[in-house]
Amino acid sequence: MLSSLLAAVLLYFSLRGVDWGRVWRTIAAAQWRYLAAAAALTIFSFFIRAIRWRILLNTETWFSVGTVFWANMAGYLGNNFLPARAGELIRTYLISNRSSLSKTYVLTTALGERLMDVIALVLWSSLVLLGLDPKPRWMQDLSRTMAIVAGAGAVAIMLLPHTGGLVENLLRRIPLPEGLRNRLLRLAEQILLGLRAFHNWGRFTGFVLLTVVIWTADSVGVMAGCRALGLTLSFRVALLLVTALGLGSALPSTPGYVGIYQFVAVTVLGPFGIGRDEALAYILVAQALASVLLLAFGLPGLYKLQGAKLQ
């Protein structure tokens with residue numbers, strides 16, 4: 001209900017005054033070679049994401065790149081079409097079902113990966129905004145606030161894994177039934193273990209480098225998608241759009257992030273010379289392309305990994 005209401009409100013503000021004839025003419029004139037380039041960059045990004053998550057998962061066991069890739073794609077498919085980012089639970093189940101890893105541990109690495117994405121995007125886009133003029137005041141103020149939040153998240157990832165003794169002492173002091181206490185202790189242990197996967201310099205360095213590759217590929221993919229529609233977008237603005245879309249996807253949303261993505265596109269691109277009609281044309285094409293790719297790779301992922309344990 002909340003997601004539908006939010007989508008309706010954001011769509012209303014996004015679509016006011018739109019010239020639909022111009023939108024469809026822009027889409028109809030799309031250059032397919034640039035759309036193909038955008039699709040190839042998106043698939044490349046998906047593949048690198050699997051390698052990156054595998055770094056965390058292989059802390060405690062071993063997975064092939066293929067297994068993680070197909071589980072990731074099934075999860076992304078769920079995130080795109082199901083509410084409350086249910087895809088994170090899907091990929092957690094698929095991976096946990098193929099190893100001795102607990103679902104709590106796998107989910108913690110998945111959510112930790114998402115949090116690190118947010119931290120990297122916000123900090124990177126904040127640096128980009130420093131050299132981007134002119135820019136709206138609200139964008140600068142929001143960037144500063146989000147940078148503070150991202151910094152707090154980074155500190156939490158660094159410090160929380162070292163609080164195991166404190167958490168255990170607190171749970172043992174709180175009057176709880178013994179069975180519940182033991183379950184909470186195991187849960188806390190798996191969560192902290194999942195966060196501790198970031199505390200190896202080799203793994204962390206690999207994770208950061210792959211994150212840079214991922215978001216660079218995504219930003220260049222946005223540039224290619226815009227070019228397909230005859231729009232020119234700088235790398236800096238493309239990165240800001242990728243950041244805003246990534247943050248927007250965390251909000252309660254309808255399938256395909258309808259409403260949220262339209263609002264983000266017209267709001268972010270408008271101040272940089274992309275009109276509302278063109279921004280809407282781009283985001284409609286981008287969402288359609290993403291949905292096709294997610295179906296093409298997500299459904300086979302579900303099929304391949306729905307059986308018994310592989311390991």
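**Notes on the predicted model**

1. V242 lies in helix α11. This is a predicted model, and the remarks below should be read with that in mind. At a relative accessible area of 7%, V242 is buried, because buried means under 20%. Setting aside residues up to four places away in sequence, V242 touches L121, W215, D218, S219 and V222. V242 and A265 are 23 residues apart in sequence, and their C-alpha atoms are 9.6 Å apart in space.

2. The largest nonpolar core has 44 residues, and within this core V222, L233, L241 and Y282 touch the most other members. At least two residues of this core come from each of α3 (32-57), α6 (103-130), α10 (201-228), α11 (235-248), α12 (260-269) and α13. The largest share is that of α11, with eight residues.

3. What is Y282 in contact with, leaving aside its neighbours within four places in sequence? The partners are V222, G225, C226, L229, L231 and L241. V222 and L241 are, with Y282 itself, among the residues that touch the most other members of the largest core. V222 is also touched by V242.

4. Helix α4 (residues 65-81) and helix α13 (residues 276-305) have axes that come within 7 Å and cross at roughly 125°. That angle makes α4 oblique to α13. The crossing of α4 and α13 is left-handed.

5. The axes of helix α5 (residues 87-96) and α6 come within 9 Å, with a crossing angle of roughly 135°. The two helices are therefore oblique to each other. The crossing of α5 and α6 is right-handed. On the α5 side the contact is made by E88, L89, R91, T92, Y93, I95 and S96, and on the α6 side by K103, V106, L107, A110, L111, E113 and R114. Here the residues divide into seven nonpolar, two polar and five charged.

6. Leaving aside neighbours within four places in sequence, S14 is in contact with G259, Q262, F263, V266 and R276.

7. Y12 is also placed in helix α1, which spans residues 2-15. Y12 counts as exposed, at 52% relative accessibility, because exposed means over 50%. Y12 and G259 are 247 residues apart in sequence, yet 8.4 Å apart in space, C-alpha to C-alpha. G259 is one of the residues in contact with S14.

Key:
Residues numbered from 1 in each chain as written. Predicted model: local features only at pLDDT ≥ 70, side-chain atom pairs only at ≥ 80, totals over all residues. Heavy atoms only, no water. Axes fitted to C-alpha atoms, helices over the stretch in contact; angles between N-to-C directions. Helix = DSSP H or I, 4+ residues; strand = E, 2+ residues; numbered from the N terminus. Parallel < 35°, antiparallel > 145°, perpendicular 65-115°, else oblique. Left-handed = near helix turned anticlockwise from the far one by under 90°. Core = buried A, V, L, I, M, F, W, Y, C linked by side-chain atoms within 4.5 Å. Buried < 20%, exposed > 50% of the residue type's maximum accessible area, 1.4 Å probe, protein only. Contact = heavy atoms within 4.5 Å. Nonpolar A, V, L, I, M, F, W, Y, C, P; charged D, E, K, R; others polar.
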